[in-house]
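Here is a short report for a reader who is new to this protein. Please look at the sequence and the model first.

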Amino acid sequence: MTATYALEARGLRKAYGDRPALRDVDLQVREGSVHALLGPNGAGKTTLLRALFGLVHLDAGELRLFGRGLDDGDRLAGVSGFVETPAFYPYLTGRSNLRLLSAYDDVPGAPGIEQVLREVGLVTRADERVGGYSLGMRQRLGLAAALLRRPRLLVLDEPDNGLDPAGSRELRALVRGAADRGLTVLLCSHDMAEVDGLCDEVTVLSRGAVAWTGSMSGMRAQAPDPTSRLVTSDDRAALGLATPRVRVQVHPAGGLCVEATTADLDRYVLALAAAGIAVRSLALEVAPLEQAYFALTGSAR
Amino acid sequence: MSGALVVLRWELVKLGTQLRVRVVVLACLLGPPALALGLGLRLSGPPVDTVYGRYVLDSGPALSLLVLGFAGMWVLPLLAGVVAGDLFASEDAAGTWKTVLTRDRSRDDLFVGKVLAAVTAVVALLALLALSSLAAGLLLAGTRPLVGLSGQLIAPGRAVVLTLLSWLLVLPPLLGFTAVAVALSVLTRSSVAGVAGPVLLGLLLQVLSLVGGLGLVRHALLTTPFSAWHGLLTSRVALGSFLQGAVLCALHLAVLLPLARRALLRRDVAAA
């Protein structure tokens, strides 16, 4: 194995009793990339992250972080993040929790606690007990705790869970900024829309196995045409104008379901107008990437 | 500073911020003076049917020995449970294993640091209870000679020394109960089991020790060494039961702590 990967996993297997959680999972995360790990609940994402941090023992497989094996004493050097919702000691303040975690690290030149608190916007609430924090504040504190380790690989498990839209936007900017500074980010999510535009690479897990892995642009290229919902003044006549490149069927909730490229959809709408059929509404129903994700994971919308 | 010592420091900080530990500290500090005050004001008569109960108004160290005898029954197992029974299980309850195990400290560092914190805290609480009860007794009854368990008179200075040594002699069984609490805390992942387990075990063993015809079995009970201090206060000092108790407690530590450590090292941290 080479050291050009921040994370390299081969043939990972893990079962909880009779239930397989990971089935021969291979994963490669390039240094400096923002890599999405996608999958519905129960796909094995969290088990993979737990294995990465050594929280669970693998049944088989090889996992290397920056070229270091699982048994190396300092294998977590340069790696930080959180798995599921970050958890802290509720009877300690946010600042004391960070002090404790900082003391548990051996990171030369680590950023100060004030600096990471500022980065995540928690300075004013840092002296309150964590027991009184909202879910969003705990997410921010989790991110601060991760940044304390001055990571080269930042692992985030659904980091905008509990954040309001503004907080979510700030988080995306923070992740993007970290990636621009050369940090590798592994972002775990069950929502394609959350990672679209943020990640360079994606691995989709389904039922404990890798369903797809590659670049976001590659996935976009392979994605099916977008699906739109169309309501016209005469849906029956509109259905008759469908072509092999514009697949039209009746939408179960009323109107029509149209699957076509943007250019073909434009031509179809112009043809409707030419035939005297008015378009009353046209809305994107499923984005191409989402459609690909649903097809790969077999999950319903 | 080594990894385990860093953990020890922070475990002590965490213990110090928890309400139940603060309550226990206050109880150890203020309980004996409150008892002395009650006896001094004649709110209740001396407990004459207990060891040294009848002498609490005659000699200062007697009150401390009365408290020691009482503490050996269930207070010391409770101290072990409150301090050590929650140290590991509380990480499960708060979901914080995944937080601390994603830093540079190893599971071994965490185990050793937490056990050291438990030992440090129970020793400190024992010392606090000993000093508080001795000071309260001296304020109540002064420094008159103490009547020994063979009826001999013990000079005041020697009585104080023997009283402090008596408290020291209950350290092995206290550490034994601490090991029980640690093992329960790790293996059951339940704070209730970790805290209440040592108390229930202590009570069960006390009842067993009252059953007649047990003979040698009585020597194998973890509660028996709590009364080893009696041998210090007889006319001929007898430390045989203390040594037996020390071996018994060492066995508990040698079996339970490696068992708990192994369970912690091998377990999957899979719950949220």
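The text below goes from the whole chain to its sheets.

This is a predicted model, in which local features need pLDDT of at least 70, side-chain atom pairs count only at pLDDT 80 or more, and totals for chains, interfaces and linings use all residues. Residues are numbered from 1 along each chain as its sequence is written, chains are lettered from A and ligands numbered from 1 in the order in which they are written, and side-chain values use heavy atoms, with hydrogens and water left out.

**The whole chain**

Chain A holds 10 helices and 13 strands. Both are DSSP runs, numbered from the N terminus: helices are H or I with at least four residues, strands are E with at least two. The C-alpha trace of chain A spans about 75 × 45 × 35 Å along its principal axes. Of the 301 residues in chain A, 49% are buried. Buried means under 20% relative accessible area, with a 1.4 Å probe and protein chains only. The accessible surface of chain A is about 13,200 Å², and carbon and sulfur atoms account for 50% of that. These areas come from the Shrake-Rupley method with a 1.4 Å probe.

Take the contacts in chain A between residues at least 6 apart in sequence: 67% of them join residues at least 24 apart. A contact means heavy atoms within 4.5 Å.

**The sheet β2-β1-β4**

Strands of a sheet pair through backbone hydrogen bonds, either parallel or antiparallel. Here two strands count as paired if DSSP finds at least two bridges between them. In chain A, three strands form an open antiparallel sheet in the order β2-β1-β4. β2 and β4 of chain A stand at the edges with a single partner strand each, so one side of each has no neighbour in the sheet. Neighbouring strands of this sheet are turned by 15° against each other on average, direction ignored. Such angles use axes fitted to C-alpha atoms, and angles run from 0 to 180 degrees between N-to-C directions.

β1(A) and β2(A) form a hairpin with two residues between them. In the turn, Gly17(A) has a positive phi of about 65°. Glu8(A) has bridge partners on two strands: Gln28(A) in β2(A) and Arg64(A) in β4(A). Lys14(A) stands opposite Leu22(A) in β2(A).

**A covered strand**

Is β6(A) mostly covered or mostly open? Strand β6 (residues 153-157) of chain A is mostly covered, with five of its five residues buried. Leu153(A), Val155(A) and Asp157(A) lie on one side, Leu154(A) and Leu156(A) on the other. β6(A) pairs in the parallel sense with β5(A) and also runs parallel to β7(A).

**Strand pairs compared**

| Pair | Sense | Bridges |
|---|---|---|
| β1(A) and β2(A) | antiparallel | eight bridges |
| β1(A) and β4(A) | antiparallel | five bridges |
| β5(A) and β6(A) | parallel | four bridges |
| β6(A) and β7(A) | parallel | five bridges |
| β10(A) and β12(A) | antiparallel | four bridges |

**The sheet β11-β12-β10-β13**

Four strands of chain A form an open antiparallel sheet in the order β11-β12-β10-β13. β11 (247-250) and β13 (279-286) of chain A are at the edges, each with a single partner strand, so one side of each is left without a neighbour in the sheet. The twist averages 25° from one strand to the next. Thr227(A) has Glu259(A) in β12(A) as its bridge partner. Helix α10 (residues 288-297) of chain A lies across β10, β12 and β13 of chain A, at about 50° to β13(A).

Definitions and conventions
Buried means under 20% relative accessible area, exposed over 50%, partly exposed in between (1.4 Å probe, protein chains only).
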